[in-house]
Amino acid sequence: MENRENVKGVAARVAIWSARHRALAILGWIGFVIATVVLSGQIGTRQADEGTAGHGDSGDADRIVAAAGFPQEPAGEMVLIQNRAGTDRVAAAEEVTRALGTVRDVAGVNEPIDSPDGRSTLITFTITGDPDTAEERVGPALDAVAKVQSAHPDLYIAEAGSASADQLVSEELEGGLTRLGMLSIPVTLGILLVAFGAVVAAFLPVVLAIMSVVAAIGLMAAASRFAPAVDETTHVMLLIGLAVGVDYCLFYIRRERDERRRGADPDRALMIAAQTSGRSIWVSGLTVMIAMAGMFFTQDVVFVSFAAGTILVVATAVLGSLTVLPALLSALGDRVDAIKIPGLYRRNSDGRVWNALLGLVLAKPLVSAMVAIAALGALAFPALDLKTRGQGIQDISPDAPVVQAFLASAEAFPSKTTPAQIVVEDDSVQTAEFERTLTAFKAAVAASGGKLVEPVDVEVNPAGNVAVVSVGLAGKESDSVAVDALNLLRDRVVPDTFGRIGGATALVTGSTAGGVDYNDQLSKTLPLVFTFVLGLAFILLLVSFRSVVVAATGLVLNLLSVAACYGMLVFVFQYGNFEEQLGFVSGGGITNWIPMFLFVILFGLSMDYHVFVVSRIREGHDRGLSTRDAVREGIGRTAGVITSAAVVMVAVFALFATLPLTATKELGVGLAAAVLLDATIIRAVLLPSVMALLGRANWWLPKWLGWLPEVAHEVPEQVTPERRDERELTPIS
């Protein structure tokens, strides 16, 4: 590693330094990871206040309420009693009231109220203490209600509320995410054991990927001062960090092993791997980070947290792959293939099946391209009907008793479960003028034709300058009926009543209003996100490959992959196919944050494969091969590693489809399907066929862009892949 002749690029120079200073590079990496953990423990992670981070009128209203000094409300619960075969709800309501009165941590049991249709009775109460920990104390109340239900099988008696919902989320979702995090690691390791056929080579990517995730989570503590974190960010960081971290190491190790088998000495093999795969890693990582940065434009607390977390985890994965990995490979030498697994270890990692398919594609590139485009078009077609919807409690676990009770209560008592809230800020909220306005508002509610539902409740803050007026909306939270009622409230009723108070601020919030405002914010920022991600990715590819055509082709292929992913999501989750197999109930649309999140994630991850494959093709082209021969060699030699990397990603992402939340199922199915398509139809069929058809035009660069820096892709002359026969690696002492 003393000779730096012909070494070009940051990745190769860093690798040489790391190999020459192995101990410093390895201990420095370990020290870096430990330092981030210590940093996180010392300063803590600042959590986002999602309750005051909304958008539009609802966000402004929530912030007014948060600053108004209302006393902290205890966690509210309710018991619904409905007719089935029996009709005597009075006796059951009395039993529920008595039973709740004997339960510890239960307070404020209100008198039963009947629904307008006379079929339902509702009893509300609260759980004492901190509402954030009420889920830990709601169990006895649930048990008491269940006993009353057992005594009255002819009635439907069930409990729902914020504490019981939080308990369900903790048990179902958070428990599932924890299991997922623990399961994803052995699944990934198992796939790598099959891919490498050697224990050391398989463990190396997993260990480095885990260390990258740990370091990134530690750095997130500092980043949270600028981008407050949401709870889900850690799980997203594990998902992305494990996928890209393993892939980057996989690309690097495979290239180093292949060069050793072709006769290169250890230093030479490492330098070639650094100058080729290492360069692809930092270009790919930079592209992924650019894609993730697009989420900042949404100005949404969840997306901003996801952006910060994913950028950090990709950056640490790139750093580890370019620094400590070369040091470890240099120290291990051929021992990276130590502890071979009989029957799995193979000298040649090239994929025979993919090479056979590649031969057919290059023989008939036009037909192959048309077939691939037709297949992707068919998959993407349902995306033309894509509809989004807000997330609701029914998305957690549709068969859970708490969910069913909440939905039944919302239908019978909309004003008690998901009411709209008019936040009025003015010094007049305790005056006779406000009372007259409130009377006019109640009259407008009564004359709304059932779109607005009584009763109307009013709460005033201690300072007497903010009033929260609650009223029910017809429909179910985010459906068209509820949105129509919300529009009536916002456009006519509120301006004609509270809007007439001089100088007063009257804004509508609530779950339905929040969902509508959230969708409006995404619609406004979506063009900015797409323009930023596509524009910077195009520039990066243009500079990296000095080709307008390669850059444009990369964007188009990635967009086709995303479109096909959207189409499959619509077919499954919007149209309700495979509900029983996946365990969800279709809400008639895709969760509103999923399309944008999938776009940035998929666009970034697709660049892993694209940059890696096209870089290998460019190597052949720069050595003087024809475009078809360069495509044949580049894709043929990367088929094995691309397959292994894709299997790792698909397996990790597919695990998310096993979680109870509909949004995580959409995320898991979408990511897994898109990566599978990207590694098969896109990279194995469409990319080679399009490049074969374009020929020399692939490398076209206008003269006026000749000032772009020269980026070397070819392997430096000394030992080329064709000069020696492949040999088996023998561990050295």
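Student: Which exposed residues sit on the face of α4 turned away from its buried side?
Tutor: In this predicted model, that face carries Val90, Arg98 and Gly101. They are called exposed because exposed means over 50% relative accessible area.

Student: And which residues of α4 are buried?
Tutor: Those are Arg89, Ala92, Ala93, Val96 and Leu100. They cover an arc of only 100 degrees around the axis, so they lie on the same side of α4.

Student: What covers the buried residues of α4?
Tutor: The cover includes the strands β1 (75-83), β2 (106-107), β3 (113-114), β4 (120-127) and β5 (155-161), along with helix α5 (139-151).

Student: How do you know that the span of helix α4 agrees with its number of residues?
Tutor: Helix α4 has 13 residues, 89-101, and at 1.5 Å a residue they should span 18 Å. The C-alpha atoms at its ends are 18 Å apart, so the two values agree.

Student: Let's move on to Trp29. Why is Trp29 called buried?
Tutor: Its relative accessible area is 5%, and buried means under 20%, so Trp29 counts as buried. Trp29 belongs to helix α2. Leaving aside neighbours within four places in sequence, its contacts are Leu208, Met211, Ser212, Thr316, Leu319, Gly320 and Val324.

Student: How far is Trp29 from Phe125, by C-alpha atoms?
Tutor: Those two C-alpha atoms are separated by 54 Å, and the residues are 96 apart along the chain.

Student: What makes Leu27, Ile30, Ile34 and Val38 a patch?
Tutor: A nonpolar patch takes residues with over 30% relative accessible area and no salt bridge, whose side chains are joined within 5 Å. These four form such a patch on the surface, with about 370 Å² of accessible area together. One of them, Ile34, lies in helix α2 (residues 22-43).

Student: How do you know that Ser58 is buried?
Tutor: Its relative accessibility is 3%, and the cut-off for buried is under 20%, so the label holds for Ser58. You will find Ser58 in helix α3 (residues 56-67). Beyond four places in sequence, Ser58 is in contact with Arg490, Val508, Thr509, Ala513, Gly514 and Asp517.

Student: Is Ser284 buried or exposed, and why?
Tutor: Buried: Ser284 has 2% relative accessibility, which falls under the 20% limit. Ser284 lies in helix α9 (residues 266-293). Not counting residues up to four places away in sequence, Ser284 touches Tyr248, Met607, Asp608 and Val611.

Conventions:
Residues are numbered from 1 along each chain as its sequence is written. This is a predicted model: local features need pLDDT of at least 70, side-chain atom pairs count only at pLDDT 80 or more; totals for chains, interfaces and linings use all residues. Side-chain values use heavy atoms; hydrogens and water are left out. Helices (H or I, at least four residues) and strands (E, at least two) are DSSP runs, numbered from the N terminus. The expected span of a helix is 1.5 Å times one less than its number of residues. Buried means under 20% relative accessible area, exposed over 50%, partly exposed in between (1.4 Å probe, protein chains only). The arc is that of the directions from the helix axis to the C-beta atoms. Contact means heavy atoms within 4.5 Å. Patches are made of residues with over 30% relative accessible area and no salt bridge: like charges are joined within 9 Å, nonpolar side chains (Val, Leu, Ile, Met, Phe, Trp, Tyr) within 5 Å. Accessible areas come from the Shrake-Rupley method with a 1.4 Å probe; for residues, only the protein chains shown count as cover. A salt bridge is a side-chain nitrogen of Lys or Arg within 4 Å of a carboxyl oxygen of Asp or Glu.
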